[in-house]
Amino acid sequence: HMKGAIFDLDGVIVDTAKYHFLAWRLLAEELGFVFTEEHNERLKGVSRTRSLDILLEIGGMEFSEAEKLAMADKKNRLYVEYISGLNESALLPGVKEYLNSLRARGVAIALGSASKNAAFILDKLNIAGLFDAVVDGNKVTLAKPDPEVFQTACKELGLQPGECVVFEDAEAGVAAGKAAGMLVVGIGKPEVLKEADLVVAGLHEL
Ligand code: G16
Ligand code: MG
């Protein structure tokens, strides 16, 4: 019996991956190497600093911590510029309907995202009011597949792990949900999200 539903943001509620990709690609271009969409798969659900490390590994480049901080800042400024035009029309199919149906059934709703821009994005999408708790990259220190983000969300809802269901599109996120002792609904392809308890193409299927 589900008492709490915890949603990942990018890939579940909104497709911001394409904007992350455009910003990272521009940064790579300035550094003199090509960053492809296939490379970008490795950054999904991964924190900003870890994403930069992976990007630089792909480009075969090394920098000091200070230089990396400046690069991460630059990428984020580009990204925030791209997403500043987001509105309700960017919601993935079925999101609003599913969140409303959960609320009508008395299920508590939380966000469990690695993004430090999560609150800004929920605001842009006009759905911030549907969440009882928002746990994002500003609140947690350990990145998925560590279960911290989902454990914190579950605590903020005042529930036990066994009462929560996680909705995730990334392999690392599914692993984090399972490590937290929760049921996980994978959003995407069953052959990729092997660890999930159930896989659907999107929330419109639920
Ligand atoms: C999202 C994206 C990742 C991104 C991360 C951090 O995670 O999937 O690609 O690197 O947030 O984002 P920011 O740079 O905005 O802090 P999630 O957990 O919502 O899928
Ligand atoms: Mg995601």
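User: Ala, Val, Leu, Ile, Met, Phe, Trp, Tyr, Cys and Pro count as nonpolar, Asp, Glu, Lys and Arg as charged, and the others, Gly among them, as polar. How do the residues of the shell around ligand 1 divide into nonpolar, polar and charged?

Analyst: The model is a predicted one. Around ligand 1 there are 20 residues, and those that come nearest are Leu9, Asp10, Ser113, Ala114 and Ser115. The shell divides into five nonpolar, five charged and 10 polar residues.

User: Is Lys124 buried, partly exposed or exposed?

Analyst: Lys124 belongs to helix α6, residues 118-124. A buried residue has 20 or more other C-beta atoms within 10 Å, and an exposed one 12 or fewer. Lys124 has 18, so Lys124 is partly exposed.

User: Which residues is Lys124 in contact with, leaving aside its neighbours within four places in sequence?

Analyst: Lys124 and Asn87 are 37 residues apart along the chain, while their C-alpha atoms are separated by 5.3 Å. With the sequence neighbours within four places set aside, the contacts of Lys124 are Ile83, Leu86 and Asn87.

User: Is α1 parallel, perpendicular or oblique to α4?

Analyst: Helix α1 (residues 17-31) packs on helix α4 (residues 65-83) with the axes 9 Å apart and at an angle of about 135°. That angle makes α1 and α4 oblique.

User: Is the crossing of α1 and α4 left-handed or right-handed?

Analyst: On the α1 side the contact includes Tyr19, Trp24 and Leu27, and on the α4 side it includes Met71, Lys74 and Ile83. The residues of this contact divide into 11 nonpolar, one polar and two charged. The crossing of α1 and α4 is right-handed.

How values were computed:
Residues are numbered from 1 along each chain as its sequence is written. Chains are lettered from A and ligands numbered from 1 in the order in which they are written. This is a predicted model: local features need pLDDT of at least 70, side-chain atom pairs count only at pLDDT 80 or more; totals for chains, interfaces and linings use all residues. A residue is near a molecule or strand if its C-beta atom, placed from the backbone, lies within 6 Å of it. Helices (H or I, at least four residues) and strands (E, at least two) are DSSP runs, numbered from the N terminus. Two residues are in contact if their C-beta atoms, placed from the backbone, lie within 7 Å. Axes are lines fitted to C-alpha atoms, for helices over the stretch in contact, and angles run from 0 to 180 degrees between N-to-C directions. Angles under 35 degrees count as roughly parallel, over 145 as roughly antiparallel, 65 to 115 as roughly perpendicular and the rest as oblique. A crossing is left-handed if the near helix is turned anticlockwise from the far one by less than a right angle, and right-handed if clockwise.
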